[in-house]
Amino acid sequence: MKVYAESFELVIPISYESTEVIETGKWGFQKPEPIVMAAPCEEACPAGNPIARFSYLAGDGQYKAALETILKENPFPGVCSRVCFHPCESVCNRNQYDEAVSVNALERHVFDATVDLSPKLNPAPNNDPKKIAIVGAGPAGLSCAYFLALLGHRATLFEARQEPGGVLRWGIPEYRLPKRVLKKEIKRILELGIEMKTGVAVGKDISMEALSRFDALFLSPGAGMSLPLGVEGEDLTKVWKGTDFLNRVNSGERVRPGKEVIVIGGGNTAMDVARSARRLGSSVTVAYRRTKKEMPAIADEIEETEQEGVRFEFLVQPVEIRLLKNRKIRVKFQRMKLRKTSQKERPRPIAIKGSFVMMEADRLITAVGEGVDISWIPQDLSEKGFIKSVPSFVPDGRKIFAGGDAVDQQRSVVTAISSGKRAAISIDLAFRGHDPEEVFSKIRIGSKETLSMEAYLNGREMGNWGEPKGVVVYDQINTLFFKPSERMITGRIDPGKALKGFSEVHTGFSSEGARLSALRCFSCGTCNYCYNCYFFCPEGIVSFDFVNRTRKVDLDHCKGCGACSRACPRHVIEMRLIS
Amino acid sequence: MREFMTGNHAVAQAVKLCRTPLIAAYPITPQTPIYEKLSEWEASGAIKGIMMRTESEHSAMASCIAASLTGVRTFTATSSQGLALMHEMLHFAAGCRVPVVMANVNRLMSAPWGFWADQLDSLSQRDTGWIQLYCENGQEALDSVIQAYKIAEQIFLPAMIALEAFFVSHFMEPVEIPDQEAVDRFLPPMNLPHRFDMEKPGFLVPVVPSELYMKYRHMAQTSMDSVKEVAAHVDHEFRAVFGRGYGIIEPVMMEDAEVAIVTAGSITSTARLAIRALREEGHRVGLLKIRYFRPFPREAIQQALRGKKKIAVIDRNNSIGGGGIFCQELRAALVHSSDHPFIYSYVAGVGGTDVTPEVIRKIALNAIDRTGPVDESIWIMEE
């Protein structure tokens, strides 16, 4: 066949040079900038759990890395994922699309899947380590010690009881938080080189003054005293205090509360008491002075309590307890009604004059709140029955801080953890001579109180902290890249079976359930290597380094079209005008 | 082997016979049966190669161009809106000098929407640098695909085979399928003098200075001019091997004709009958079939129409504001002829309307009756 074009190169130009020399990037007027934003869940979590990042790792099956990610901000993933009231889930952006991601259950799976592994914790270098005494080894004290250790300090815990854990050990029952989980987490914390002195009650076995040999002091004794009802008959032996009851149950004592038990209160302690009593063979009625809607207990707890056959009497308040001849007690309840006060406050219960109701029982257990034992606290450190909160004071050069349930703050495990973290950073800053409030404003996650240890460490060496992360709102999520899907829920053992002992009620995710749950995460503000920017870049100049987990854009050849930013489902690329 | 088949399947048969290893296409009525047949054969292993189901015709053509530059034979098929979507890439194909072969089933351009025969789609692409052949029936479509490869691979320009929607694409006719071995001998494996090479990465379509650009365009023009000679040679050779040939144009009963009817595509076959009837009535009418539109066979047409008094060009297409497109080109080709025949433009069959022998008779008589020139196209349609 005769070829009419003798050489192809003669009829068509081909260049063997790269066009890379042409810096097409100079044509653009804007550039993509990788930004790191916080997810609303991370802002809502008092511990500042890096939820988006750990979810991505969990979805990828990298459970150890997921655990290590959580441990940067929270020493108690195993505990929190069982007892937390998970405010993260109610603010999840996915709520506005279909249903929230099951963050709490996913975190539990991360813990359960790595229970035999040893995560790597990397304490920061510290040329000037200080000695800090911590009073009370509950969640706040242990967290403070943990973060101080991560900051290179030496913490010593003073615990009055024979074992550490505080409310986690003596308050929360086994069916919610198995002791093996708690032990595992405390062991991991103490292995950072934290000294633990158990059976040492400050103010009794050792004086406050004796602790002044430490460079700083953190007070987290908790709130372990059941508040009195203030009614006649409260001193009867038929009336128990909720905290004492739980304490005995958690000590392994064989407690017999009786056939008919009345529990007074509507908080988590009341639920723990009621459910524990059910497991000890009692028939239980919870009496609460408001309605179910106003109960401070976690909604899931209330639901499970109901499922376990606990009866509820609402709008009743005990006014008198009498011992009957048949060794039972008769409790006289005042009928109440609610009066709305303001939008913010809970409605106030008011007595309906002349309206009473009688109930007979073998036992009454009170759970109407817990107070702080401040008998050993110097007067200038206490206020209205609480210890003054950190970081409001560093009196006369003494570096004393406080946190947990002993200070006037929300009573929850995660809040206690948060206060421990806050105190650890405050203590570190006190030694470094920085104003904590100013630093806190820079290491916050979003606009709430949550502090990021990662952000703190980033600026710690140079003393320069950047701006706090913004929070991704729903409108910034490109939902075109998500399919609607059902929220994954974990299994529970059958209520009938649950009542036979103190086995853990929640059974957790299967690995597939966990994976699907993790993949539902929008990963708001955190790059999870979805490749969208890579695929949508018309210039082919986005590259990924999977080993170092970085995404790079060849800015010399980026014309600033913004396709990557638009295609990003999770708002981690923002186009910025070139000035 | 003779088989009863549609024009679309005749095209698919040709692609199979040419052993095209890369087919990239996107389905569109009335071309889809080509796509489906080739897909079927790919699945059954009857054709060896890759069928790329691209997301658009634009991508289909881009794929053909890239594949062609690696030195392989490529094919695509499309129609109407699909061809229009390819437009940008059609220029690239010609500019990159790739011998891509495409079948375009002539379908009207929307709007309004429709699927019917009309040549406006491919004629709208006349300036893209593609060789264009218009086929009368399924047999010619099959043979033209084989010829097109042979021409395109010598000239390094892409070639488009046009067959009208339904009249050719879906009508079933007996089609002679050439012997595979004979086709293999006629069309040896493609061997480009230069191709993309993984070992020596190159970049095509670099920026060139104005002067160089003009030179490349001129080279393409020169190559396109040489198609007439190559096509005539290939058709001659084809006739020798397979016993069928079509020429670049085909004059029918033209020797003594005073009036010449000019057609392209399926109307030709109807016109063959119509002129026979007109002759029986005593009218000296001849027929000229134009097979190649690009390059436009100027010299051959001048020669075939020399001495004719009246020429009636029937166009199943219309360039709004211009008229029948074949007629425009034909008038330009005859502008220097000494005897200045009257050249009448008839627009008929647009949008798939039927051009019956009676319509052609009407056109012929209309031209015979006229005594002076008419510049505008005369539309033959229902009152």
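Helix axes here are lines fitted to C-alpha atoms over the stretch in contact, and angles run from 0 to 180 degrees between N-to-C directions. Keep that in mind as you work through this predicted model.

**Exercise 1.** Describe how helices α4 and α7 of chain A pack, and say which residues make the contact.

*Solution.* 
- Step 1: Find α4(A) at residues 63-71 and α7(A) at residues 103-113.
- Step 2: Their axes lie 9 Å apart and meet at an angle of about 115°. The crossing is left-handed.
- Step 3: On the α4(A) side, the contact uses A:Y63, A:A66, A:L67 and A:I70, while α7(A) brings A:E107, A:V110, A:F111 and A:A113.

**Exercise 2.** Work out how domain 1 and domain 2 of chain A are placed and where they touch.

*Solution.* 
- Step 1: The domain assignment puts domain 1 at 20-36 + 527-577 and domain 2 at 40-119 + 472-519.
- Step 2: Taken over C-alpha atoms, the centres of these two domains of chain A are 30 Å apart.
- Step 3: Six residues of domain 1 and seven residues of domain 2 form the contact.
- Step 4: The domain 1 side divides into two nonpolar, three polar and one charged.

**Exercise 3.** Explore the largest nonpolar core, then follow A:F218 within the fold.

*Solution.* 
- Step 1: This core holds 147 residues, and A:F218 is among those with the most contacts inside it, along with A:I134, A:A145, A:L148 and A:V263.
- Step 2: Leaving out residues up to four places away in sequence, A:F218 touches residues including A:I132, A:I134, A:C144, A:F401 and A:I427.
- Step 3: Another core, of 121 residues, lies apart from it and includes B:M86, B:L123, B:L305 and B:L330.

Methods: Residues are numbered from 1 along each chain as its sequence is written. Chains are lettered from A and ligands numbered from 1 in the order in which they are written. This is a predicted model: local features need pLDDT of at least 70, side-chain atom pairs count only at pLDDT 80 or more; totals for chains, interfaces and linings use all residues. Helices (H or I, at least four residues) and strands (E, at least two) are DSSP runs, numbered from the N terminus. A crossing is left-handed if the near helix is turned anticlockwise from the far one by less than a right angle, and right-handed if clockwise. Two residues are in contact if their C-beta atoms, placed from the backbone, lie within 7 Å. Domain bounds come from an automatic or database domain assignment. Ala, Val, Leu, Ile, Met, Phe, Trp, Tyr, Cys and Pro count as nonpolar, Asp, Glu, Lys and Arg as charged, and the others, Gly among them, as polar. A nonpolar core is a set of buried Ala, Val, Leu, Ile, Met, Phe, Trp, Tyr and Cys residues joined through C-beta atoms within 7 Å. A residue is buried if 20 or more other C-beta atoms lie within 10 Å of its own, exposed if 12 or fewer, and partly exposed in between; C-beta atoms are placed from the backbone.
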